[in-house]
Amino acid sequence: MTKNLNVKKEYLLQNQELFGKEIFLDIAQQSSPFPNQLNTFEKNICNCEKCDLHKSRTNFVFGEGDKNASLLLIGEAPGAQEDLEGRPFVGRSGKLLDKILKAIDRDRFNDTYICNILKCRPPNNRDPAHDETVACRSYLEGQIDLVKPRLILAVGRIAAQALLHSDFPVGRLRGRPHFLNDRQVPLVVTYHPAYLLRSPSQKR
């Protein structure tokens, strides 16, 4: 009896860590406490109201790409166009990102998955607030666990600092591998496409 109670307690604690106070059950996979597919995960969390950003969003921007990708790109938050389309990195920055991926024989659906640290657009494209980043962190961790990338690319200052819990500028973080928490997956920092549009000399 005590063993069963401990198992149930562990299950609830894991659910709370990933989903917050809400509890989601994956009926099709009773043996696992978490959804084992990205589309199930997205369906479970797309109506999130953990922070005030849900009040102004048009769409919850979960992410897109190859669900078994070796490369995971993480940006900061949806912009106006992303909020309208419900997709990450569209618009001018997204088009440049697509060109960058093409230069290394990839695209956003070929061994690459793209998401953001926030799933909802901050008003007027302001920087994400700390409490918003914290509220969304378990969702991002869930995506990482499901994709199981071999390399994580933090795109831009906001994403890099939030992921690494650092206040260093991109210039000091890029050029060397980091690791996310206790994961053994290397994390590399690079400039955001929006910055490269303003500073094309940094594209190389």
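Is Asp127 buried, exposed or partly exposed, and what is its relative accessible area? Asp127 is partly exposed, with a relative accessible area of 41%; here buried means under 20% relative accessible area, exposed over 50%, and partly exposed in between, using a 1.4 Å probe and protein chains only. The structure is a predicted model, in which local features need pLDDT of at least 70, side-chain atom pairs count only at pLDDT 80 or more, and totals for chains, interfaces and linings use all residues. Residues are numbered from 1 along each chain as its sequence is written, and side-chain values use heavy atoms, leaving out hydrogens and water.

A look at the whole chain comes next. The chain has eight helices and six strands, where helices (H or I, at least four residues) and strands (E, at least two) are DSSP runs numbered from the N terminus. Along the sequence, these elements follow the pattern α-α-β-β-α-α-β-α-β-α-α-β-β-α. Of the 204 residues in the chain, 46% are buried. Taking contacts (heavy atoms within 4.5 Å) between residues at least 6 apart in sequence, 67% join residues at least 24 apart.

An α-helix has 3.6 residues a turn, so residues three or four places apart point the same way.

Salt bridges come next, and the whole structure holds nine of them; each is a side-chain nitrogen of Lys or Arg within 4 Å of a carboxyl oxygen of Asp or Glu. One of them joins Arg157 and Asp127, with an N to O distance of 3.3 Å. Arg157 lies in helix H6 (residues 157-164) and Asp127 in the loop between E3 and H5, so this pair ties together parts that are 30 residues apart in sequence. Arg157, at 40% relative accessibility, is partly exposed. Another salt bridge links Asp52 and Lys55 at 3.5 Å, N to O, and both of these residues are exposed. Glu64, Glu85, Arg87, Asp98 and Arg108 form a network of salt bridges.

The loop between strand E3 (112-116) and helix H5 (130-147) also contains Asn124. Asn124 is not a glycine, yet its phi is positive, near 60°. This residue, Asn124, is exposed, with a relative accessible area of 74%.
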